[in-house]
Protein chains: 2
Amino acid sequence: MDTPLDKLTEEFRRLPGIGVKTARKLAYYIVQQPASRVDEFVDAIRDAKANMHFCSVCFNLSSQDPCPICSDISRDRSTICVVETPQDVQAIERSGDYHGLYHVLHGALSPLDGVNVEDLRIRELLQRLGNTTVKEVILATDPDVEGEATALYLARLIKTAGIRVTRIARGLPMGGDIEYADEATLAGAVANRQEM
Amino acid sequence: MDTPLDKLTEEFRRLPGIGVKTARKLAYYIVQQPASRVDEFVDAIRDAKANMHFCSVCFNLSSQDPCPICSDISRDRSTICVVETPQDVQAIERSGDYHGLYHVLHGALSPLDGVNVEDLRIRELLQRLGNTTVKEVILATDPDVEGEATALYLARLIKTAGIRVTRIARGLPMGGDIEYADEATLAGAVANRQEM
């Protein structure tokens with residue numbers, strides 16, 4: 001017989017990166033919290049789900065439309081950074097060095113997993129490029145097989161429109177170790193070397 | 001400005017064992033799920049919180065009172081296994097070898113953390129032992145400082161009532177390695193050695 005606690009454990013299990021032991025720990029924790037704390041948690045879930053939507057311009061997650069980045073008149077409108085997920089936007093924003101706009105694809109091309117061109121926000125990206133004067137598109141998809149394939153596909157399409165296309169650099173991560181770096185990373189780091 | 005997504009991330013952060021990166025991942029995951037899935041998750045939380053209560057006999061978490069273990073007439077009522085948390089009951093039940101009853105203390109003695117005798121379900125345990133004919137109390141508190149102190153405290157109290165008190169064995173875990181075992185574990189494993 002499944003108790004409500006088992007069902008909650010199962011729900012936690014379905015979240016990404018949560019194993020059965022963590023799920024059980026979280027379920028036990030929740031039921032032993034005061035009712036007011038559980039209400040706060042549930043309200044936060046409901047509120048986030050109800051009020052976070054995709055920006056109709058860049059498809060980032062936001063409680064406003066257009067999102068604060070697309071509406072910010074101080075940002076450089078001639079550059080669009082193309083990423084796979086809203087989390088990638090947050091990561092690049094945290095780095096603090098980029099002041100252009102974004103476009104969130106919501107995935108990367110992966111035909112074996114059934115993710116094709118029409119499943120990503122590629123048509124919307126091309127429309128955006130057609131309607132506005134963009135000088136550079138930075139392809140910041142992940143440096144893995146799917147991300148590289150997506151970047152190659154987009155680069156060909158966008159270059160035909162006469163827009164500059166760049167790819168984020170592959171190199172050694174900060175705190176990395178040359179001895180243990182994989183070949184592709186090291187090759188990229190050497191190829192992308194900078195004058196000092 | 002905190003978005004609803006930031007607030008949900010903060011709520012996930014407050015769960016045990018969830019760091020800021022995992023919290024962010026979970027928050028993004030939730031808001032990108034279909035509304036029906038989010039409703040299922042919220043319902044599971046509300047349902048578990050509303051319907052899981054402490055058993056009035058053993059203080060285990062259960063949707064029934066008394067809990068299924070306390071109500072199970074096939075279980076050995078002459079043995080009570082004392083544990084710190086409801087999760088410990090589940091762990092021992094999964095081992096499948098114990099057929100007596102339980103008593104959940106809801107913590108272990110830790111005066112420095114402000115956990116004293118009156119904060120645990122110790123009075124209720126002594127009342128239970130006074131009202132029923134229990135032959136053995138197995139002390140299955142954790143083998144750490146607080147758990148050992150709690151076991152010692154309870155052993156003295158219960159022995160004066162003329163009831164047999166045992167402590168779960170300290171020894172090498174299955175798959176363990178003698179070379180890397182700590183001294184206290186090894187000493188316990190030798191002291192608790194069994195005839196073959």
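Trainee: What volume does the second largest cavity have?
Mentor: First, this is a predicted model, where local features need pLDDT of at least 70 and side-chain atom pairs count only at pLDDT 80 or more, while totals for chains, interfaces and linings use all residues. Residues are numbered from 1 along each chain as its sequence is written, chains are lettered from A and ligands numbered from 1 in the order in which they are written, and side-chain values use heavy atoms, with hydrogens and water left out. A cavity is a set of points, on a 1 Å grid over the protein atoms alone, where a 1.4 Å probe fits but cannot get out. Points are joined across faces, edges and corners, and volume is the space filled by probe spheres set on them; for the second largest cavity that comes to about 40 Å³.

Trainee: Which helix gives the largest share of that lining?
Mentor: The lining residues (an atom within 4 Å of a point) are L15(A), Y29(B), I30(B), Q33(B), R37(B), V38(B) and F41(B). Two helices of chain B, α2 (20-31) and α3 (35-51), each give two or more of them; helices are DSSP runs of H or I, at least four residues, numbered from the N terminus. With three residues, the largest share comes from α3(B).

Trainee: Which helix gives the most to the lining of the largest cavity?
Mentor: Both chains take part here: Y29(A), I30(A), Q33(A), R37(A), V38(A) and F41(A) line it along with E11(B) and L15(B). In chain A, α2 (20-31) and α3 (35-51) each supply at least two residues. The top giver, with three residues, is α3(A).

Trainee: How many charged residues are in the lining of the largest cavity?
Mentor: Asp, Glu, Lys and Arg count as charged, Ala, Val, Leu, Ile, Met, Phe, Trp, Tyr, Cys and Pro as nonpolar, and the others, Gly among them, as polar. The lining of the second largest cavity has five nonpolar, one polar and one charged. For the largest cavity, there are five nonpolar and one polar, and the number of charged residues is two.

Trainee: What is the C-alpha separation of N192(B) and R170(B)?
Mentor: N192(B) sits in the segment after α8 (183-191) of chain B. N192(B) is partly exposed at 32% relative accessible area, meaning between buried (under 20%) and exposed (over 50%), with a 1.4 Å probe and protein chains only. R170(B) is 22 residues away along the chain, and the C-alpha separation is 7.3 Å.

How values were computed:
On a 1 Å grid over the protein atoms alone, a cavity is a set of points where a 1.4 Å probe fits but cannot get out, and a pocket is an open set with protein on both sides within 12 Å along at least five of seven lines; lining residues have an atom within 4 Å of a point.
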